Amino acid sequence: MFQCSWRESFCGYRLVAWLLVLLAWNAVPRWSVAENDLDRGVNETRRPQVVCFGDSITRRGFPEILGRMIDAETVNAGVPGNTSSQALRRIEADVLKHDPDIVVVLFGTNDIRVDSDKHVPRTRYAENLCSIVTQCRSLGSRVVLCTPPPIDTTAYFTRHEKAVFDRAGGLNKLHGDYRQSVIDIAKEENVAVVDLSTLLLADDGWLSRDGVHPSEHGSEMIAKHVAAVVQNLFSDRAR
């Protein structure tokens with residue numbers, strides 16, 4: 001029969017004990033939590049999440065490009081044809097459930113459509129934007145408001161009745177008024193704004209032939225302008 005001394009037994013027990021300690025240590029998940037994220041339970045290794053909330057202009061794909069630019073997880077919550085009023089009906093399912101770090105909001109192109117029953121008056125549009133900001137902030141998310149991109153009136157009025165817009169003051173005036181509403185809300189609510197209405201005017205190649213939606217290059221340009229603002233927000237938060 002095999003026999004061992006008490007010293008050999010003791011060493012064996014110590015070896016087994018150390019192995020058990022190592023196994024237990026490796027089984028425990030380890031991560032460090034950023035100090036400014038303790039209240040949100042966000043761990044330092046998680047990539048920030050950005051929800052892009054908008055219509056077909058968003059749906060065209062700038063959120064995916066944005067994610068690659070800023071190394072963030074992005075959610076494309078763009079629904080073609082949506083107005084700010086329709087957005088409020090889906091904000092819980094499409095935005096709030098993600099508990100995002102930042103929400104990029106881009107509505108207005110469909111809101112100004114006085115030739116449609118989906119038209120959202122300017123006062124209601126402003127109220128809707130305020131509601132979106134408030135609901136996102138209730139979760140601790142930061143908000144970026146975007147003004148509606150420019151519209152090529154020549155291409156636009158091949159599909160829409162110009163006279164209807166003229167009776168409302170003209171498409172350019174409507175577009176300018178809604179742009180100003182975004183600027184005003186951003187100032188009142190102290191949130192960041194990306195003035196796409198102005199920024200994209202310098203680049204003729206951003207539009208597709210329909211005069212409203214971005215080309216592939218246009219989606220890249222939108223992502224670039226949004227990324228500049230979002231990165232600043234991330235930098236502010238890290239300080």
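Buried means under 20% relative accessible area. I put that cut-off at the head of the page because Phe165, at 0% relative accessibility, counts as buried by it. I also note that I am working with a predicted model.

**Entry 1, overall**

The protein has 239 residues, and 46% of them count as buried. I then took the contacts between residues at least 6 apart in sequence: 75% of these join residues at least 24 apart.

How many aromatic pairs does the structure hold? I get five. One of them is Tyr156 with Phe157, an edge-to-face pair with 5.5 Å centre to centre and 80° between the planes. I checked burial for this pair, and both Tyr156 and Phe157 are buried.

Why is the pair of Tyr156 and Phe165 edge-to-face? The ring centres are 5.6 Å apart and the planes stand at 80°. Planes over 60 degrees apart count as edge-to-face, and centres within 6.5 Å count as a pair, so Tyr156 and Phe165 qualify on both values.

For Tyr156 I wrote down a relative accessible area of 2%, which means that this residue is buried. Phe165 is buried as well, with 0% relative accessibility. I recorded Tyr156, Phe157 and Phe165 as one aromatic cluster.

I turned to the packing of helix H5, residues 122-137, against helix H8, residues 171-189. Their axes lie 10 Å apart, at an angle of about 35°. Is the crossing of H5 and H8 left-handed or right-handed? I have it down as right-handed.

On the H5 side I listed Arg122, Tyr125, Ala126, Leu129, Cys130, Val133 and Arg137 in the contact. From H8 come Asp177, Tyr178, Gln180, Ser181, Val182, Asp184, Ile185 and Glu189. Sorted by class, the contact of H5 with H8 has eight nonpolar, two polar and five charged residues.

After H3 comes Asp71, and I noted its positive phi, near 55°.

Definitions and conventions. Residues are numbered from 1 along each chain as its sequence is written. This is a predicted model: local features need pLDDT of at least 70, side-chain atom pairs count only at pLDDT 80 or more; totals for chains, interfaces and linings use all residues. Side-chain values use heavy atoms; hydrogens and water are left out. Rings of Phe, Tyr and Trp (its six-membered ring) pair if their centres lie within 6.5 Å; planes under 30 degrees apart count as stacked, over 60 as edge-to-face and the rest as tilted. Buried means under 20% relative accessible area, exposed over 50%, partly exposed in between (1.4 Å probe, protein chains only). Contact means heavy atoms within 4.5 Å. Axes are lines fitted to C-alpha atoms, for helices over the stretch in contact, and angles run from 0 to 180 degrees between N-to-C directions. Helices (H or I, at least four residues) and strands (E, at least two) are DSSP runs, numbered from the N terminus. A crossing is left-handed if the near helix is turned anticlockwise from the far one by less than a right angle, and right-handed if clockwise. Ala, Val, Leu, Ile, Met, Phe, Trp, Tyr, Cys and Pro count as nonpolar, Asp, Glu, Lys and Arg as charged, and the others, Gly among them, as polar.
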